[in-house]
Amino acid sequence: MKCLICGMKISKDSYDLNKHSFVKGNLDGNIIFCPFCGVENLYLDCEKEIYKISSDYLDEKTKKVFDMAMKLEVFNGEFYEEASRLAKSDKVKNMFKDLSNIEFMHARIRKRLGGFKKLPKLRKPDYTRHDTDEKLIEEAHKREKHAIVFYKKYSDKIANDLVKEVFGALADVEKEHMIITQR
Ligand SMILES: [Zn+2]
């Protein structure tokens, strides 16, 4: 089985990857989410082709939205990477590590669909002021909330139905992240 959004193959060895980023993870024989990008199982299929968009068909506005979205995913992916390093408890560390993997996968999806050559290099802020797990989780929750508002706002500016669908599917993953960072 493969994911039509991120293109990754899901097998017995990979179904429970990134399980700390889900409220209720996949079980062997009951795959609810793509373990790589987090989208729902309606995007998982054995036969269908993965979603492709020729970037020649994208108008400038849509490309711009892709670019901003890709940067936001990298920004959040890097935050989670650092948060996983800074967190004290193993439980929180694992959650941040898995969230980081998912956000970077989102960035790669946007890179591929938006026709970009590479992921952006961003300035890395200093996150050490978030010196407790609670503060890190609070910051994570804020970011997920912001990402959802961002995707909702910009998906209205996208004319291409397939692109809109991908944005919707990925925004739903961030909703799941908002729930797991609520505690
Ligand atoms: Zn996927």
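## Glu82, a residue of helix α1

With 19 C-beta neighbours inside 10 Å, Glu82 counts as partly exposed. Glu82 belongs to helix α1, residues 60-86. Between Glu82 and Pro125 there are 43 residues in sequence and 9.9 Å in space, C-alpha to C-alpha.

This is a predicted model: local features need pLDDT of at least 70, side-chain atom pairs count only at pLDDT 80 or more, and totals for chains, interfaces and linings use all residues. Residues are numbered from 1 along each chain as its sequence is written.

## The overall build

The protein has four helices and two strands. Their order from the N terminus is β-β-α-α-α-α. Helices (H or I, at least four residues) and strands (E, at least two) are DSSP runs, numbered from the N terminus.

Now the overall size. The protein has a radius of gyration of 16 Å, which agrees with the value near 16 Å for a compact globule of 183 residues. This radius is taken over C-alpha atoms, and the globule rule is 2.2 Å times the number of residues to the power 0.38. Along the principal axes, the C-alpha atoms fill a box of roughly 45 × 40 × 25 Å. Of the 183 residues, 36% count as buried.

Contacts tell another part of the story. Two residues are in contact if their C-beta atoms, placed from the backbone, lie within 7 Å. Take the contacts between residues at least 6 apart in sequence: 72% of them join residues at least 24 apart.

## Helices α1 and α2

The axes of α1 and α2 cross at roughly 160 degrees and come within 8 Å. Therefore α1 is roughly antiparallel to α2. Axes are lines fitted to C-alpha atoms, for helices over the stretch in contact, and angles run from 0 to 180 degrees between N-to-C directions. Angles under 35 degrees count as roughly parallel, over 145 as roughly antiparallel, 65 to 115 as roughly perpendicular and the rest as oblique.

The crossing of α1 and α2 is left-handed. A crossing has that name if the near helix is turned anticlockwise from the far one by less than a right angle, and is right-handed if clockwise. In the contact of α1 with α2 there are 11 nonpolar, six polar and nine charged residues. Ala, Val, Leu, Ile, Met, Phe, Trp, Tyr, Cys and Pro count as nonpolar, Asp, Glu, Lys and Arg as charged, and the others, Gly among them, as polar.

## Helix α4 and its partners

Helix α3 (residues 133-155) packs with helix α4 (residues 161-180) at an angle of about 160 degrees, and their axes are 9 Å apart. So α3 is roughly antiparallel to α4. This crossing of α3 and α4 is left-handed. Residues of α3 that meet α4 include His141, Ile148 and Tyr151, and those of α4 include Phe167, Ala171 and Met178. By class, the contact of α3 with α4 has six nonpolar, four polar and six charged residues.

Helix α2 (residues 90-114) packs with α4 as well, at an angle of about 170 degrees and with axes 12 Å apart. So α2 is roughly antiparallel to α4. The contact is made by Met95, Leu99, Ile102, His106 and Leu113 of α2, and by Val163, Val166, Leu170, Val173, His177 and Ile180 of α4. The contact of α2 with α4 counts nine nonpolar, two polar and no charged residues.

## Residues in the loops

Ile5 sits in the loop between β1 (2-3) and β2 (44-45). Ile5 is buried because 25 other C-beta atoms lie within 10 Å. Leaving aside neighbours within four places in sequence, Ile5 is in contact with Cys34, Cys37, Val39, Tyr43, Tyr51, Ile109, Val166 and Ala169. From Ile5 to Ala107 there are 102 residues along the chain, and their C-alpha atoms are separated by 12 Å.

Asn18 also lies in the loop between β1 and β2. Its 24 C-beta neighbours inside 10 Å make Asn18 buried. Phi of Asn18 is near 55 degrees, a positive value in a residue other than glycine.

Glu47 and Ala147 are 100 residues apart in sequence and 32 Å apart in space, C-alpha to C-alpha.

Methods: Buried ≥ 20, exposed ≤ 12 C-beta atoms within 10 Å, placed from the backbone.
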